[in-house]
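The following exercises ask the reader to work through selected features of a structure, one step at a time.

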Amino acid sequence: MDGNRGLHYEENLLWEKEYSDHPGVDLPPVEITSLRTGQDARETIGLPQLSEPQVLRHFVRMSTWNYSIDHGFFPLGSCTMKHNPRLNEKLARLKGFAHIHPMQSESTVQGALELMHELQSWLGELTGLPGVCLTPAAGAHGELAGVMTIRRAHEVNGQAQRKIILTPDSSHGTNPATAVMCGFEVRSMPTSETGCLSVEVFKEALYKTDPNGADIAGMMVTNPNTCGLFEKEILEISKLLHDAGGYFYCDGANFNALVGKVRPADFGVDVMHINLHKTFSTPHGGGGPGSGPICCTEELAKYMPVPNVVKEDDGSYRRETMEDRPTSLGTLKAFQGQFGMHVRALSYMKSHGADGLKQVSEDAVLNANYILRSLCDDYHAPYADNGPCMHEALLTDKKQKQHDVTTLDIAKALVEYGYHPMTVYFPLVLPGTMLIEPTETESKDSIDRFVTTMKKIAQDAQEGKAEEFHNFPQSTPRKRLDEVKAARQPTLSWKHVA
Ligand SMILES: *Cc1c(COP(=O)(O)O)cnc(C)c1O
């Protein structure tokens, strides 16, 4: 099928559109004596035969299928899908930034190096952690950089026997995965009924196999955590960890709830990553690459990856090398990281200023609490009785499940009503969780419309419309997919059927 149905296009693969009897491009005949790619090269490559307008329409149509924050509300908890101010884009496109190359001599890119240096100091200031490495290309990459830094520190200090990383069961999957990739063993700590980590649970995990915790390399905790709550006992927990000789890795994906208000170093963090593409607005999720710089204490800065940008006494800037910092764990990525993201993040910081960044986190928290309070009668809100949440609201399907409507059904109903669903079935601390993060960039109007939709869904579930829910979404070109099969047996190649 080709063309559109209503507003929903059906689009075949380019290969399925091929008409071998009219080639897309007329090339002049070539005198060929021998084919470098072999005699049957044309047949085996099998390029589709299409004209420029056919190719253009194909890609333009597909580009309209991608739901994004620029289309509408995108309450995907933990992922922080907030508006990316266009000023950032404008600055990232300045020729002096967009057209330079990392192989250029440093004397020709002093402005770019100065920008990275300034971003390093902003990040150091906001976190209270002066060692900053901009290279990691995503949050998960920053976790790798941070945990490798911890491993390196233990090795250098003769503490290589420390093999265990503690992490709460609410943690993002990248936390335990990173620890394992770095050769550590993961010890999971159960979240208490309040949605937080308790000192008792922490102590039990810390001293489980050694009375002094001498086998603990560190812990990976995000604060606020993925239940959207500030870890109230974090000061005592980080003190116990430090006394036992472990390092505190903070997953900084939720920093947008704290930025300008709390410096993570002040609650004991030794190293953390920052998702520039979440907290500092640079686009992500189909909209652009990520960037996950790490920030660490002066002690750990000796070990973090090279290079970072240093300022010389004469006021010039350069990238450091292994000779500058021989204790470094080495290079993690080619060159300097995602420079375009650095430009966007610094633009965001400087256009907001210190007071603006503080307001960002206050408004993000206000919006999440507005949603939590608006919906806590319609949905089970497990932690709502303990006080306000931070930047995201956690609900579950406990009430709807009695009427045979689950979190998955609710997510599919949201698709039907034109919303990108919230994060579902994460965190794993309770069954059927829904994590809603409105961010500070949504207006009260758009949040109210979302709340109204969520209330209608709860009402319909209660009125016994389960059958209708099980068939949502209805108005999309694809209805309910067999998601398990899609994940387990994906069809990743297309074969021509003659
Ligand atoms: C997004 C996220 C990550 C991973 O960051 P990426 O940039 O997607 O690699 C890690 N932890 C938490 C809590 C997150 O929300």
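Two exercises with worked solutions follow; the model is predicted.

**Exercise 1. Determine how Phe 73, Tyr 419 and Phe 450 are linked by ring pairs.**

Solution. 

Step 1. A search of the whole structure finds 10 aromatic pairs. One of them joins Phe 73 and Phe 450, with 4.9 Å from centre to centre and 65 degrees between the planes. Planes over 60 degrees apart count as edge-to-face, and the pair of Phe 73 and Phe 450 is edge-to-face.

Step 2. Locate the two residues. Phe 73 lies in the loop between α2 (52-63) and α3 (86-92), whereas Phe 450 belongs to helix α15 (residues 444-462), so their pair ties together parts that are 377 residues apart in sequence.

Step 3. Decide whether these residues are buried or exposed, given that buried means under 20% relative accessible area. Phe 73 has 5% relative accessibility and therefore counts as buried. Phe 450, at 0%, likewise counts as buried.

Step 4. Consider the pair of Tyr 419 and Phe 450. The ring centres of Tyr 419 and Phe 450 are 5.5 Å apart and the planes stand at 75 degrees, so this pair is edge-to-face. Because Tyr 419 lies in the loop between α14 (407-416) and β13 (423-424) and Phe 450 in helix α15, the pair ties together parts that are 31 residues apart in sequence. Tyr 419 is buried, as is Phe 450.

Ring pairs link Phe 73, Tyr 419 and Phe 450 into a cluster.

**Exercise 2. Describe the residues around the ligand and state what percentage of the ligand's exposed area the protein buries.**

Solution. 

Step 1. List the shell. The residues around the ligand are Ser 78, Ala 138, Gly 139, Ala 140, Glu 143, His 172, Thr 174, Asp 251, Ala 253, Asn 275, His 277 and Lys 278.

Step 2. Sort the shell by residue type. Three of its residues are nonpolar, six are polar and three are charged.

Step 3. Examine individual polar atoms. An N or O atom in the side chain of Ser 78 is 2.7 Å from an oxygen atom of the ligand. A polar backbone atom of Gly 139 lies 2.8 Å from a ligand oxygen atom. For Asp 251, a polar side-chain atom is 2.5 Å from a nitrogen atom of the ligand.

Step 4. The ligand taken alone exposes 380 Å², of which the protein buries 86%.

Step 5. Assign the shell to elements. Two or more residues come from each of α6 (139-156) and α10 (276-279). The largest share, three residues, is that of α6.

Key:
Residues numbered from 1 in each chain as written. Predicted model: local features only at pLDDT ≥ 70, side-chain atom pairs only at ≥ 80, totals over all residues. Heavy atoms only, no water. Phe/Tyr/Trp six-rings, centres within 6.5 Å; stacked < 30°, edge-to-face > 60°. Helix = DSSP H or I, 4+ residues; strand = E, 2+ residues; numbered from the N terminus. Buried < 20%, exposed > 50% of the residue type's maximum accessible area, 1.4 Å probe, protein only. Near = heavy atom within 4 Å. Polar contact = N/O pair within 3.5 Å; in protein donor to acceptor, adjacent residues only side chain to side chain. Areas by Shrake-Rupley, 256 points an atom, 1.4 Å probe, with all protein chains shown as cover. Nonpolar A, V, L, I, M, F, W, Y, C, P; charged D, E, K, R; others polar.
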